[in-house]
Amino acid sequence: MAVQDIMPTWVGATAKQIARGVRRGDVSATQVVADHLDHIARADAGLAAFRAVRGGEAITEAEKVDEQEDLANLPLAGVPVAVKENTPVAGLPTWNGSAAARTAIAEADHEVVRRLRGAGAVILGVTRMPELGLWGITDDETAVTRNPWDSTRTPGGSSGGAAAAVAAGLVPIAHANDGLGSIRIPAACCGLVGLKPGRGVIPCQLGADDWFGLTEHGMLATTVADAAVGFQVLAGRRQEKLVPPQRLRVGVSLRSPVRGVQPDQPNRDAVAAAGRLLAAAGHDTVPADPVYPTALGLQGIATWFAAAAADVRAAGIDRAGLQRRNRRHVALGEWAQRRGYVRETDRAVWRERSIGFFTDHSVDLLLTPALATAPPEAAGWSGRSWRSNVVANIRYAPYAAPWNIAGLPAIVVPVGRRPDGLPVAVQLVGPPGSELLLLGVAGQFEMEAPWPRHAPGYPRVPTPIS
């Protein structure tokens, strides 16, 4: 056994533990980053979570963190972080999920990357996503990204690489973004906490127009405390301690936004378990079903198509080089826009109705399943037909998209395991401005029923330092 295999390591520690250790001088940012780079070199070959790893550059950045005289005001001092590959990182191409969709080397960081660095984080690399971020399953012609909980299953998408990296301890937290569920779906697949903030809380600035305003940046984390720190950094807010919320009234719904798609028994059981956790924390639950109009589904699908077409046009991507499924998707987007099926007025009606749901039912939050079924297989979906991709994605993950269209904050929290051993989760949705409330309730779940922070067998290193 090599010496480094028996030495203490900071791999597996939380972001808060690492930042505290660096601020106190218990460890250098350089050592923390080196530990995580070693772990990535060992573990990522079987996961394909990263598109590119910034080895030497990350060490140099960590050294600069160590040279700072005042670390006290850096909430992520020395914390290794990954960035999703559709978000510009200075010095790297922006891959957007494939070589065909890749754009030029970025001359400057995206604003959220700038904020992460400003908080003391060190960017280790960029994580994989499906081409153009269109799917809830992550793979391309170069690799299939795998779920650390079960390598035969997908970690979800489109932030699949980010979720796999965090669930395997390759990084303690990872940047992600969510256009129709791309933070929450991978969080549910990989047993993580994933918050999609409400519209306008964090600068988006992706693609042509942020998928017509549907997309938000966020973080994937193994603990609520790390999720809260990451959210506040990205939102440009001072760090506030989460306060456990007092008695809330929470609406509970199993109703699917997609007609004919229903949650399986493990996901139904997850909602029941979450109801018991809410009761144990002193909250009340009541049945309360949102009314998902048929037009909402049609509007969401049309916007999904059109967003891809708009991004391809804005980036000057050659459509002929895209995957076959995505060439069709883009063509449908162009058709939907020509026919006038993508309308801000329709999205505004649903947003108004969604905000009204909370007052109409006298509830503070809404509880739903996070997924309808187990994650699909990890396979070469990028080579399969457009139809097979659409059917697989809608059948397993219908619950996230309505809240992007409404622009409301929503969080996914683990609540147990399926009979096959995969994690199972629920979704909580709140009115505008309820991000910290959602995190507070998630923290109560964590207190009542702590979840495994990493997939079994990960991280494959000695017990972390705390």
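Predicted model: local features only at pLDDT ≥ 70, side-chain atom pairs only at ≥ 80, totals over all residues.

Me: How many disulfides does the structure hold?
Reply: A disulfide needs two cysteine sulfur atoms within 2.5 Å of each other. For Cys-189, the nearest cysteine sulfur belongs to Cys-190 and is 6.0 Å away, and Cys-189 is in no disulfide. Taken over the structure, the number of disulfides is zero.

Me: Is Cys-189 buried or exposed?
Reply: A residue is called buried when its relative accessible area is under 20%. The value for Cys-189 is 1%, and therefore Cys-189 counts as buried.

Me: Which residue forms a salt bridge with Glu-85?
Reply: Side chains of opposite charge can pair when their charged atoms come close. In the salt bridge of Glu-85, the closest N and O atoms are 3.0 Å apart, and the partner is Arg-51. The pair links distant parts of the chain, 34 residues apart, with Glu-85 in the loop between strand E2 and strand E3, and with strand E1 holding Arg-51.

Me: Which residues are linked with Arg-51 and Glu-85 in a network of salt bridges?
Reply: Arg-51 and Glu-85 are both buried. Their network of salt bridges has two further members, which are Arg-128 and Asp-140.

Me: How many residues apart in sequence are the parts that Arg-418 and Asp-264 tie together?
Reply: The side chains of Arg-418 and Asp-264 meet in a salt bridge, at 2.9 Å from N to O. Arg-418 lies in the loop between strand E14 and strand E15, whereas Asp-264 lies in the loop between strand E11 and helix H9, so the parts that this pair ties together are separated in sequence by 154 residues.

Me: Is Asp-346, which forms a salt bridge with Arg-343, buried, partly exposed or exposed?
Reply: The closest N and O atoms of Asp-346 and Arg-343 are 2.8 Å apart. Partly exposed covers the range between the buried limit of 20% and the exposed limit of 50%. Arg-343 has a relative accessible area of 37%, and Asp-346, with 27%, is likewise partly exposed.

Terms used:
Residues numbered from 1 in each chain as written. Heavy atoms only, no water. Buried < 20%, exposed > 50% of the residue type's maximum accessible area, 1.4 Å probe, protein only. Salt bridge = Lys/Arg side-chain N within 4 Å of Asp/Glu carboxyl O. Helix = DSSP H or I, 4+ residues; strand = E, 2+ residues; numbered from the N terminus.
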